[in-house]
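Hello,

Here is the structure we talked about handing over. My notes follow below it.

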Amino acid sequence: MSLLRAGNEGSLLGYPRDEIRERAEETTRLLRELVPCSAYLLSAWNPLTGEHVHRELASEGFSKRVIEHINDGFVSDNPAFPLLHTGTSGALRWRDMARDWNLDFSRTITAEEFLIPEGFHEGTTFCLWLPDGRYTGSLHMGWSKPSEATDERRETLERFRGLLALVCDTLRTPQTLVDTLAPGAGAVVVSSHGLVAEVPGHQTGPKLAEDSALLQLLTRLGGSWQRRSFLWPKQSGSCWRITVVPCPDGVALVTAEAGPWPYGLTPRELEVLHLVARGLSNPQIAQRLYVSVRTVSTHVEHVLAKLACSTRSQLVAIAVGQGLLLGEEP
């Protein structure tokens, strides 16, 4: 069993899910005051899910059935979404699609089976993009009367593009955390589905760029994230300090910093320390490492001295608390 699973559980860093929703609700509340509508839905897209499905952040006026369709079926099947996603940079109403793109939105399944039966006869969708070119989500508005969807309201809506795109950015928390936790370190984001993505604006770093045993270990965890730090050996004889930080939506920020082995410990001493922390006795450690019990006893004495400890329990407390354990069993 890897100590990635059994290590210390620190507190969750980054924005909790409730705080993300609060920011979304505050932003859309202000927007609705400036752009009155019958209903709205702000949805985020997470690039680490491997799916087209969006997630609701804030909404009012749309039924659950309509929201589920907009976040899934509308995105995957409606001919309007590719147009909105790549064909235009602004918000398009139904009449804009008919006039400028020869697309009668009112005849699509989305309108005929979901929106019109619930009293919506005009609407708009606005795909949200960040300055770095990343798509983060979409805003949908519906009106019961087409006359209420004025040109002025559409223009006001478009002024919120940058702010709404930031609110929907699921990688914003890892992006903020990486500078705080490990400036200059390599960093990636790993999803609960095992997908790995770069942190926008940051280097992946040599270790995390590899198709390595480390990344294989992280993807095997499949979202069982706890905040922890552990050591990973380098071929040069030093080590990588790997830090895993849970973030919202089941993803984790993973950073890798190169450095010497802590406390002057040798790789073999760290293997022994790791197994001591796992609760193994000296004879059990000797059997695991294919060495004599006397050799293990000598290693334990050296580790006790280097960490200024008098007992094995003190060793374990320091090893777990300071992230001196290895990522995998020796």
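Are Trp94 and Phe105 buried or exposed? Both Trp94 and Phe105 are buried (under 20% relative accessible area; exposed is over 50%, partly exposed in between; 1.4 Å probe, protein chains only).

First, the ground rules. This is a predicted model, where local features need pLDDT of at least 70, side-chain atom pairs count only at pLDDT 80 or more, and totals for chains, interfaces and linings use all residues. Residues are numbered from 1 along each chain as its sequence is written, and side-chain values use heavy atoms, with hydrogens and water left out.

Aromatics. There are seven aromatic pairs (ring centres of Phe, Tyr or Trp, the latter by its six-membered ring, within 6.5 Å; planes under 30 degrees apart are stacked, over 60 edge-to-face, the rest tilted). One of them is Trp45 with Tyr135: tilted, 6.0 Å centre to centre, 40° between the planes. Trp45 is partly exposed at 23%. Tyr135 is buried at 10%. Trp94 and Phe105 are also tilted, with centres 5.1 Å apart and planes at 40°. Phe74, Phe81, Trp94 and Phe105 form one aromatic cluster.

Charge over ring. The charged end of Lys234 sits over Trp240, 4.8 Å from the ring centre (NZ of Lys or CZ of Arg within 6 Å of the centre and within 35 degrees of the ring normal).

Backbone. Most residues other than glycine have a negative phi. Tyr263 has a positive phi of about 60° and is partly exposed at 39%. Ala308 also has a positive phi, near 55°. Ala308 is exposed, at 70%.

Best regards
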